[in-house]
Amino acid sequence: MSRAIERFLDAATVLGHPVDVRRFPQGTKTAPDAARAIGCEVGQIVKSLVFVADGEPVLALTSGANRVDVGRLATSAGASAARRADPEEARAATGFAVGGTPPFGYPEPVRTFLDPNLLVFEEVWAAAGAPDAVFRTTAAELQRVTAAEVVDLKETASRDENVPPNR
């Protein structure tokens, strides 16, 4: 087992949220890949996305079916601006590489927002520290262990745009 997965499992135990990590050799790096491997809807996949809002890392636990509107994120974080963290910033904030970032288990607390669309599912799946590792949980349990604020950060297409939704 990788050291990143071991660190994640240790954090889950400390938080009182024991988990069963499942590994998929074909990889679960993207939400569609994870949904195919697991056999669930893309919306049940939790994307742990790191952003930088006024210089501070923030985490958006987002449904695999949605994209984050960075303007909404900035407003929710009380920041003047936000942007997606680069891979080095994401690793510095979480201790995990992009593609395998779990929703918790970081060296320091990171302010976290939870997509309300995740709450409609009985179970959701999130990364467990490596690009081929996931665990099953509930959105309510993620909210508990991360102290996440439930906020709709979903990007919506403008009526003026003739752009298909990103997946």
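**Confidence**

Begin by colouring the chain by pLDDT, whose mean is 92, with 93% of the residues at 70 or more. Then select residues 159-167, where the pLDDT is below 50 and where the model shows three contacts beyond near neighbours in sequence. Where pLDDT is low, the predicted coordinates should not be read in detail.

**The aromatic cluster**

Next, show the side chains of Phe 8, Phe 104 and Phe 135, which together form one aromatic cluster; a search of the whole structure finds four aromatic pairs.

**The largest pocket**

For the next stop, select Lys 29, Lys 47, Ser 48, Leu 49 and Arg 84, which lie nearest the centre of the largest pocket among the 33 residues that line it. The volume of this pocket is about 650 Å³. Two or more lining residues come from each of helix 2 (31-38), strand 2 (45-53), helix 4, strand 6 (124-127) and strand 7, and strand 2 gives the most, with seven residues. If you colour the lining by residue class, you will find 19 nonpolar, seven polar and seven charged residues.

**Thr 28**

Select Thr 28 next, in the loop between strand 1 (21-23) and helix 2. Is this residue, Thr 28, buried or exposed? Thr 28 counts as buried because its relative accessibility is 7%. Display its surroundings as well: apart from neighbours within four places in sequence, Thr 28 is in contact with Asp 33, Ala 34, Ala 37, Gly 99, Pro 131, Asp 132, Ala 133 and Val 134.

**Two residues with positive phi**

Most residues other than glycine have a negative phi, and the next two selections depart from that pattern. Asp 54, which is not a glycine, has a positive phi of about 50°, and its place is the loop between strand 2 and strand 3. With a relative accessible area of 44%, Asp 54 is partly exposed. Move on to Ala 147, likewise not a glycine, whose phi is positive at about 55° and which lies in the loop between helix 5 (139-146) and strand 8 (149-150). Ala 147 has a relative accessible area of 62% and is therefore exposed.

**The cavity and Leu 153**

For the last stop, select Ala 60, Leu 61, Thr 62, Val 68, Phe 113, Leu 114, Asp 115, Val 151, Leu 153 and Lys 154, which line the largest cavity. The model has one cavity of 30 Å³ or more, and the largest cavity holds about 50 Å³ of space. At least two lining residues come from each of strand 3 (56-63) and strand 5 (111-114), with strand 3 giving the most, three residues. By class, the lining of this cavity divides into seven nonpolar, one polar and two charged residues.

Leu 153 counts as buried because its relative accessibility is 6%. Leaving aside neighbours within four places in sequence, Leu 153 is in contact with Ala 60, Arg 67, Val 68, Asp 69, Arg 72, Leu 73, Ser 76 and Phe 113. To finish, draw a distance between the C-alpha atoms of Leu 153 and Ala 140, which are 13 residues apart along the chain and separated by 17 Å.

Terms used. Residues are numbered from 1 along each chain as its sequence is written. This is a predicted model: local features need pLDDT of at least 70, side-chain atom pairs count only at pLDDT 80 or more; totals for chains, interfaces and linings use all residues. Side-chain values use heavy atoms; hydrogens and water are left out. pLDDT is the predictor's confidence in each residue, from 0 to 100. Contact means heavy atoms within 4.5 Å. On a 1 Å grid over the protein atoms alone, a cavity is a set of points where a 1.4 Å probe fits but cannot get out, and a pocket is an open set with protein on both sides within 12 Å along at least five of seven lines; lining residues have an atom within 4 Å of a point. Grid points are joined across faces, edges and corners, and a volume is the space filled by probe spheres set on the points. Helices (H or I, at least four residues) and strands (E, at least two) are DSSP runs, numbered from the N terminus. Ala, Val, Leu, Ile, Met, Phe, Trp, Tyr, Cys and Pro count as nonpolar, Asp, Glu, Lys and Arg as charged, and the others, Gly among them, as polar. Rings of Phe, Tyr and Trp (its six-membered ring) pair if their centres lie within 6.5 Å; planes under 30 degrees apart count as stacked, over 60 as edge-to-face and the rest as tilted. Buried means under 20% relative accessible area, exposed over 50%, partly exposed in between (1.4 Å probe, protein chains only).
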